[in-house]
Amino acid sequence: MVTKEIVKLLSERLNISQRQAKDLLELQVKAITSHLQRRHNIITRDFGTVGIKEVPARRAYIPSEKILCEIPAHQKIFFRAANKLKELVKSWRPS
Amino acid sequence: MSAAAHINVYNGTLLDEIIHEQKLSRELVKRAAREIFVIIKEGLVRDGVVRINHFGSFKLKRMASRKGRNPQTGESITIPGHAKVIFSPCKALREMIQPIHPKPIPIPSAEPTQIKKNVKRVAVQSIPELIPEPALLKIESEATTFIEPVSEDDTQGKRKTGGHEKLIYFGIATTIIAVVAMKSMPNRVEILSTSINLPPVAQLQEKPVVGSFTSPVMDVELAAQPESEPEQLQMGSTQSEIQKEESASSTEMVTVTTFDEPTSKIEEVVIEPVETSAHAMTEVLTPAPVVITQIQPVNNFFFTERPYKLQGGNSLWRLSKNFYREPLYWPHIFFANADTINNPDKLREGRTIIMPTLEGEPGSLTFNDREKIAEGYFLVYTFYKESGHADAFFALLEAKRYSAEVVERKRHTLTLSAVENILLDQQKVVANL
């Protein structure tokens, strides 16, 4: 599923035009990303949490180059699925 | 700025922002938000992947069953196979969160293979010191003593081919046989293989005797031998003996003494076996040339100094935790950037600071680390004292915990109350911090 399909389904269910549906989707994404930029965790009920976590510096070995590296501390976007979403996709198998 | 702030999609600020921006009805925006996530769920179950522009993609991944353990009871359990939701943000979002993704920094000093090679080379380098100078074969008698140093060129080739000590003993054995043969002939030594024309006895030079010898030692220059192989003739003691000396300096020496009475004339002197044995000995004992390579010093610091550009949400406490694994070392950063950072509690985004070196690991700091952290705490104390912070004195106590010397060095500049003086004296330096 891609953005276009989401917009189409959204317009059908809300009885609005696809342009409006697209605007609503973009607004939603924009609002979420702006909060992520401010290091907020975005919680969606029965779906999950999107947020930013800080990964501390660590040492790693690169087997192909046979060298020891230090990976500096950095920030990472994470998604934690809610229990209901986990239950929903539990029995999913790739077709 | 707190990273733990939670924003609900269906209520609160996020919804208000959208409504305020587009002047839409609250109910429509709320319904749209709900429907979007319902559609994403349906898309995940249907296709296994949902891609949203300028945000990212949600994917499902099938995980195989595996064995696990119940953390509460410790029982071994089997976790059944299931699907897992994975979110991968788009590049624009990733760059928005972290504009420059840090690349891994190689640590050349910690490469295990190079270290092993260096250790081997060190072991080889120590060999030439132990191996002696080219061996000398010395034969002493009342009348004659041969000292035949052998050139290094002859000896190096044999060493490369891997000579053994057996050859030394072989040489000694042949020498003994020769001496026995000489002893059987009173006052005369004849060697058939080579003949050396000796100068007249009048040319012999007298030398003082060293040690317990009573008779003079005489050197004879042999005309038949080239300059590269000089031979010396010395007079020795009166008893027959064969000695092999392996001194601490590892100089090989064989002493052969013959003749019961001292002789004043030497007509023919040569020892065929001696020549061969001498060569054998020296060939074995001379070391092969070893290439000495300089070993570079290994930098085993826990953290090496590097610049860091401050970002939103950074604090010295968090930076110290991320880079040094211990947040309490944050004054170390403050001390290193005293010119850049005016207030340790308020960092300016976009400025580049230096993350200083930490030599020891957290919990086992070196002397330099402790000094610098103590200096940092002292700097924090002075800053807090000037700004009227209530907990300024605790920074001074921390400084003494890391290094008492730093505090004692600067104590005369402080204006402490009586209670503070007592508390500071009671503060002890902790070994492992």
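Visitor: What covers the buried residues of H9(B)?
Guide: In this predicted model, the cover includes S2 of chain A, and from chain B strand S14 (306-309), helix H10 (330-336) and strand S15 (352-355). The buried residues of helix H9 (residues 316-324) of chain B are B:Leu316, B:Leu319, B:Ser320, B:Asn322, B:Phe323 and B:Tyr324. After H9(B) comes B:Arg325, with a positive phi near 70°.

Visitor: What makes the link between the side chains of B:Asn314 and B:Tyr308 a polar contact?
Guide: The cut-off for a pair of N or O atoms is within 3.5 Å, and these side chains are joined at 3.1 Å, so the label of polar contact applies. The side chain of B:Asn314 also has a polar atom 2.6 Å from the backbone nitrogen of B:Gln311. Setting aside neighbours within four places in sequence, B:Asn314 is in contact with B:Tyr308, B:Lys309, B:Leu319 and B:Leu347.

Visitor: How do you know that S2 and S5 of chain A pair?
Guide: Pairing takes at least two bridges between the strands. Strand S2 (residues 48-55) of chain A and S5(A) have eight bridges, in the antiparallel sense, so they count as paired.

Visitor: Which strands make up the open sheet, and in what order?
Guide: The four strands run S5(A)-S2(A)-S1(A)-S1(B), with mixed pairing. Strand S5 (74-81) of chain A and strand S1 (6-8) of chain B are called edge strands because each pairs on one side only. From one strand to the next, the twist averages 30°.

Visitor: Which residues have the most contacts inside the largest nonpolar core?
Guide: Those are A:Leu36, A:Phe79, B:Phe55, B:Phe58 and B:Val85, in a core of 47 residues. Helix H2 (residues 26-47) of chain B gives the largest share, nine residues. A second, separate core has 36 residues, including B:Leu316, B:Trp330, B:Val380 and B:Ala392.

Visitor: What does B:Phe55 touch, beyond residues up to four places away in sequence?
Guide: From chain A, B:Phe55 touches A:Val29, A:Ile32, A:Thr33 and A:Leu36. From chain B, the partners are B:Phe87, B:Pro89, B:Cys90 and B:Leu93.

Note on methods:
Residues numbered from 1 in each chain as written. Chains lettered and ligands numbered in written order. Predicted model: local features only at pLDDT ≥ 70, side-chain atom pairs only at ≥ 80, totals over all residues. Heavy atoms only, no water. Helix = DSSP H or I, 4+ residues; strand = E, 2+ residues; numbered from the N terminus. Axes fitted to C-alpha atoms, helices over the stretch in contact; angles between N-to-C directions. Core = buried A, V, L, I, M, F, W, Y, C linked by side-chain atoms within 4.5 Å. Buried < 20%, exposed > 50% of the residue type's maximum accessible area, 1.4 Å probe, protein only. Contact = heavy atoms within 4.5 Å. Polar contact = N/O pair within 3.5 Å; in protein donor to acceptor, adjacent residues only side chain to side chain.
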